[in-house]
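Here is a short briefing on a protein model. Look through the sequence and the structure first, then read the notes by topic.

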Amino acid sequence: MAQRTTDIIIAGAGYVGLATAVALKSSAAHLGVTVIDAAPKGVWRNDTRASAIAAAASRMLDRLGCWEEILPEAQPITEMIVTDSRTSDPVRPVFLTFNGEVEPGEPFAHMVENRILNASLRKKAEALGVTFIEGAPVEGFEHGEAHLTVRHSGDNTLDTRLLIAADGVKSRLRDMANIKTVNWEYGQSGIVCTVSHERPHHGRAEEHFLPAGPFAILPLKGNRSSLVWTERTADAERLVQEDDFLFEAELEQRFGLKLGELHVEGGRKAFPLGLTLARDFVKPRFALAGDAAHGIHPIAGQGLNLGFKDAAALAETIVDADRLGLDIGSVAVLERYQTWRRFDTVQMGVTTDVLNRLFSNDNLPVRALRDFGLGLVERMPRLKGFFIRQAAGLSTSAPKLLQGQAI
């Protein structure tokens, strides 16, 4: 039986797990950090999805030394429009527009393909000396006096001072730690795919609120866009199983032909949508991060950015404690992270839940109320500016990395 020791184990090699590893090693190189991932080696290269990287997250990636490599492949969002309609007719009234800058020359968000983001973070982590164990899920852990013994790959074990679960919304480690959740399903699924089109999008993102849910068109590099298309689950399952001709015909009804002829690139998948909030973020020598702590509706495009906030806050908490000579796995230390992140997470979960219920219906009084609200925001530049900065993640209470500062 192999037995080794490391300071910190991160379960999960998605963007949150990798960002946490890079943040820790960048700020405290002496800490041993091991990433254990259940996915087979190299499978992340097959991820065809893309994510919106808010300005605060891009500042963090810049501080971590990754953004310069990502930027040439990142598409700035220069404008966003919001429409509301009772039908799938692509000609819809525009109720709200945002220009895309939070500071001169700094867009409030970029679109980045997941495989590019993952590759840059992984490359940086390896350069910093992070250890990777892939294709080997964490199978269990036991508490010792001043450590956890983490079991993986059969009889292989690692002793660690802290285990971070960044293994997704259906986290097995969260269950192993006996952390309960608040969760419910929306009866919706999000269809995710990439489309190419004849004409340029000029960096404009669109979100159309339809009775079944939001239909978001997000610009990618070149004449390509990423779609997050919310439908009732039964309809979503039917759509992803249709052949390309029928799927593209349904797509054109919602997308329209303003960008010319459309073609779906690669595959298309439907993901069930729901709300999941962990009741606790920490236990002794154990912390949740990313979707393992919170899974929210994509209506506001904040899932990845919430995860980066977790990574930044957790890394800052651990590094500060380590510099003071404190036990980085103690509840007294980890409670700071939980206090820091739980309110923001619950607030965002509630906000996306309310927005989804408000906009994913065809009740006429509700429609009138929401359209009035959108029109009111459109006529108040200062309020629009506030919403843009919130969406960009820019706040004086944000962790240092999200403000572009070193820990």
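Arg285 has 9% relative accessibility, so Arg285 counts as buried. Here, buried means under 20% relative accessible area, exposed means over 50%, and partly exposed lies in between, with a 1.4 Å probe and protein chains only. The model is predicted: local features need pLDDT of at least 70, side-chain atom pairs count only at pLDDT 80 or more, and totals for chains, interfaces and linings use all residues. Residues are numbered from 1 along each chain as its sequence is written, and side-chain values use heavy atoms, leaving out hydrogens and water.

- Arg285 sits in the loop between β19 (282-283) and β20 (286-288). Helices (H or I, at least four residues) and strands (E, at least two) are DSSP runs, numbered from the N terminus.
- The phi of Arg285 is near 60 degrees, a positive value in a residue other than glycine.
- Most residues other than glycine have a negative phi.
- His202 also has a positive phi, near 55 degrees. His202 lies in the loop between β14 and β15.
- Is His202 buried or exposed? His202 is exposed, because its relative accessibility is 65%.

**The sheet of 8 strands**

- This open sheet has mixed pairing and the order β6-β5-β15-β16-β17-β14-β18-β21. Two strands pair if DSSP finds at least two bridges between them.
- β6 (94-99) and β21 (294-295) stand at the edges with a single partner strand each, so one side of each has no neighbour in the sheet.
- Strand β5 (residues 79-84) runs antiparallel to β6, and 5 bridges join them. Thr83 has Val94 in β6 as its bridge partner.
- Helix α9 lies across β14, β15, β16, β18 and β21, at about 70 degrees to β14. Contact means heavy atoms within 4.5 Å. Axes are lines fitted to C-alpha atoms, for helices over the stretch in contact, and angles run from 0 to 180 degrees between N-to-C directions.

**The sheet of 3 strands**

- The order in this open sheet is β3-β9-β4, with antiparallel pairing. β3 (50-54) and β4 (75-76) are the edge strands, each pairing on one side only.
- Helix α2 (residues 55-63) packs on the sheet and touches β3 and β9. The direction of α2 makes about 90 degrees with that of β3.
- Helix α4 (residues 114-128) also touches β3 and β9, and its direction makes about 85 degrees with that of β9.

**Val350**

- Val350 belongs to helix α9 (residues 331-359).
- Val350 is partly exposed, with a relative accessible area of 45%.
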